[in-house]
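Okay, thanks for making time, everyone. Let me put the structure up and then walk you through it.

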Amino acid sequence: IVPSVSTKKDIVKIWSKNSKKIFVVPHGFDKKLFYPRSPVEIQRVLKKYQIQKPYLLFVGSLQPRKNVIRLVLAFERLKKEGLPHKLVIIGGKGWLSEKIAAKIKNSQFSKEIFWLGYIKNSDLPFFYSGADLFVLPSLYEGFGLPILEASACKTAVIASNVSSMPEILKESALYFNPRSVLDIVRTIKRALSQKEILAQKAYQKAQNFSWVKSAQKILKILKNESIS
């Protein structure tokens, strides 16, 4: 049982497994936690972390696969063009994080980049809800749960056009080549110009996902019943 068609294809290609024995069951999200928050609630949580709007948001560990260095490079270009936003990065250190941390620290716009490390899970929805844009520039994701969480909080989403990421929101998000800083820059600009429309589309799409649906599909598989 895998969370995306992309992962299923990878397993078939790399491990030569029979595709009929691999079932796709998308992840869900905690609907009691991830939903749009009010401006007053958002401001209260942001103040605790000394963050001011507007900002772009990334959620994930600092490791090469997450492609944070290119995100920082894109952010630097945008700042030079007059972007008023800050960049908020939420997530702890992963493997080979030293170069990524150094890039954040040594950026000429380091005062506009806020790497918060791990935060309380209960605070995360407020950061999603307060962001003008959520960006996931990963080089690979088996699913990309933060995309779903951000969407559920009614935030516009852009992500890499590789692996599983386009599967989640399909036409309800914008996608870019994660190896092209210029394409990331272009897509951020485009998304900010239509953030309200994208946020609404993402929110509506997220409602199709739930852990209840995931559990029901898994149960059918275990009972050898067909799933749609």
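So, look at Ala 159 first: across from it, in β6, stands Tyr 175. Before I go on, please keep in mind that this is a predicted model. The strand pair here is β5, residues 157–160, and β6, and the two run parallel with three bridges between them.

Now over to the β3 side. Strand β2 covers residues 86–90, strand β3 covers 113–117, and four bridges hold this parallel pair together.

Next, aromatics. How many aromatic pairs does the structure hold? Five. I'll show you two of them. One is Tyr 49 with Phe 127: edge-to-face, 5.2 Å centre to centre, and 70 degrees between the planes. I like this one because Tyr 49 sits in the loop between α2 (39–48) and β1 (55–59), while Phe 127 belongs to helix α5, residues 124–130, so the contact ties together parts that are 78 residues apart in sequence. Is Phe 127 buried or exposed? With a relative accessible area of 0%, Phe 127 is buried.

The other pair is Tyr 128 with Phe 134, again described as edge-to-face, with the centres 5.7 Å apart and the planes at 70 degrees. Tyr 128 and Phe 134 are both buried. Bring in Phe 34 and you have one aromatic cluster made of Phe 34, Tyr 128 and Phe 134.

While we're on rings, there are a couple of arginines to look at. Arg 37 has its charged end over the ring of Tyr 35, 3.9 Å from the ring's centre. And Arg 44 lies over the face of Phe 126, where the distance to the ring centre is 5.7 Å.

Okay, helix α6, residues 145–152. Seven of its eight residues are buried, so the helix is largely enclosed by the rest of the structure. Among those buried residues in α6 are Pro 146, Ile 147, Leu 148 and, perhaps worth a click, Glu 149. What do the buried residues of α6 pack against? That would be β1, α5, β4, β5, α7 (165–169) and α9 (195–206). Following α6 comes Lys 154, which has a positive phi, near 65 degrees.

In the loop between α2 and β1 you'll find Gln 50, a residue other than glycine with a positive phi, near 60 degrees. Gln 50 is exposed, at 67% relative accessible area. That loop is also the place of Pro 54, and the peptide bond joining Lys 53 to Pro 54 is cis, with omega about 0 degrees. Moving to the loop between β5 and α7, we come to Ser 163. Here phi is near 50 degrees, again positive in a residue other than glycine, and Ser 163 is partly exposed, with a relative accessible area of 23%.

Last stop: Lys 189, out in helix α8, residues 181–193. Lys 189 counts as partly exposed, at 41% relative accessibility. Which residues does Lys 189 touch, not counting those up to four places away in sequence? Leu 78 and Glu 81. And if you check C-alpha atoms, Lys 189 and Leu 83 are separated by 9.2 Å, although they're 106 residues apart along the chain.

That's my tour; happy to go back to any of these.

Definitions and conventions:
Residues are numbered from 1 along each chain as its sequence is written. This is a predicted model: local features need pLDDT of at least 70, side-chain atom pairs count only at pLDDT 80 or more; totals for chains, interfaces and linings use all residues. Side-chain values use heavy atoms; hydrogens and water are left out. Two strands pair if DSSP finds at least two bridges between them. Rings of Phe, Tyr and Trp (its six-membered ring) pair if their centres lie within 6.5 Å; planes under 30 degrees apart count as stacked, over 60 as edge-to-face and the rest as tilted. Buried means under 20% relative accessible area, exposed over 50%, partly exposed in between (1.4 Å probe, protein chains only). A charge sits over a ring if NZ of Lys or CZ of Arg is within 6 Å of the ring centre and within 35 degrees of the ring normal. Contact means heavy atoms within 4.5 Å.
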